[in-house]
Amino acid sequence: MKGSYTEQETQWLLKAYADDSLSWDMIADEFSARFGKKTSGARLRCKMQRLRKSGLEPSAPSQHGNKQTISQDSWVIEVSDGRITDWREAVDKAGVDLAIWQVDRVVVNGWDVTAKVRRGGEDVLATKQNQQIKIWLSRKIKKPLADAAAALIERMKTHAPKHPARRYKKVKDPCLFEFSAFDAHFGKLAWAPETGENYDLEIAERIYSSAVTDLLTKAAPYN
C-alpha cells in the first residue's frame with residue numbers, strides 16, 4: 001500500500017498497536033479487510049515508527065481490551081479483543097462487584113474476516129473469526145438509596161453505646177426442647193451471578209451448624 005494514511009486509518013493503527021495480543025501480520029490482515037487496502041505487517045510497522053517519531057503515541061488500552069460505559073445505575077461492558085471468550089470472565093476482569101451489580105443481559109456476536117495474506121511466496125485467502133461480548137448490568141440498589149444507607153450507617157457509628165449483658169435466671173423445672181430447623185436444601189447448587197448468592201453442600205453445612213449452635217445457646221437458660 002502506497003500513499004498517505006487517512007486520519008481514521010491512523011487512529012485505528014494506533015489503537016491496534018496498543019493491543020499486545022496482535023502480531024503485525026494480524027494487524028495487516030485486519031487493516032486490509034477493514035479499509036480495502038492491501039498492506040503488510042512490515043509496512044505498518046514502519047508507519048508506526050514514523051508516527052512515534054512525530055510524537056504520536058498509542059493510548060493505553062482499557063483493561064483487557066474492555067470498552068466500559070458506567071453511569072449512576074448502569075454499566076455496559078464490551079469486549080472484542082479475542083482474549084476473553086466468556087462473559088463471566090469479562091465481568092470478573094472488569095472488577096464488577098456482584099454484591100452491588102446484577103447482570104441483566106448478555107449478547108455474544110461472532111463474524112468471519114477474510115483477507116489476502118502472503119504465504120509461501122503467493123497470496124492466499126485467510127479467514128479468522130472476530131468475537132464481541134457485550135454485557136449490560138444494573139445496580140441491585142439504586143445509588144441514591146445505597147448512598148443514603150451508607151451515610152446512615154456512618155451516623156450510627158457516632159452513637160454506639162455499650163449496654164451490659166443481660167443475665168437470665170436459670171429455669172429449674174424440666175423443659176422440652178424441640179429443635180425446629182429450616183430446610184437447608186442439602187445438595188442445592190447456586191451461582192451468585194445467576195441467583196444472587198453462592199450455595200453448595202459446604203455452605204449449607206456451615207449455615208446449618210451455625211443455626212444449631214445459635215438455637216442451643218438461646219435454649220441454655222431453660223436448663
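Author: A strand here is a DSSP run of E with at least two residues, and strands are numbered from the N terminus. The model is a predicted one. The part to look at is glutamine 132, which belongs to strand β4, residues 122-139.

Glutamine 132 has a relative accessibility of 18%. Buried means under 20%, so glutamine 132 counts as buried. Its side chain has a polar contact of 2.6 Å with the side chain of glutamate 78. Apart from neighbours within four places in sequence, glutamine 132 touches Glu78, Val79, Ser80, Val107, Val108, Asn109 and Trp111.

Next comes the strand itself. β4 pairs with strand β3, residues 101-119, in the antiparallel sense, and the pairing runs over 18 bridges.

At least two lining residues come from each of α2 (24-35), α3 (41-53), β3 and β4. The largest share is from β3, which supplies six residues.

Most residues other than glycine have a negative phi. Histidine 185 is not a glycine, yet has a positive phi of about 55°. Histidine 185 sits in the loop between α5 (143-157) and α6 (192-195). With a relative accessible area of 42%, histidine 185 is partly exposed, because that class covers values between 20% and 50%.

Finally, some words on confidence. The protein chain has an average pLDDT of 80, and 89% of its residues score at least 70. Over residues 59-64 the pLDDT is below 50, and this stretch has 10 contacts in the model beyond near neighbours in sequence. Where pLDDT is low, the predicted coordinates should not be read in detail. Among the elements of the chain, the lowest mean pLDDT, 70, belongs to strand β1 (residues 66-70), and the highest, 89, to helix α7 (residues 201-219).

Technical notes
Residues numbered from 1 in each chain as written. Heavy atoms only, no water. Helix = DSSP H or I, 4+ residues; strand = E, 2+ residues; numbered from the N terminus. Buried < 20%, exposed > 50% of the residue type's maximum accessible area, 1.4 Å probe, protein only. Polar contact = N/O pair within 3.5 Å; in protein donor to acceptor, adjacent residues only side chain to side chain. Contact = heavy atoms within 4.5 Å. Pairing = 2+ DSSP bridges. pLDDT = per-residue confidence, 0-100.
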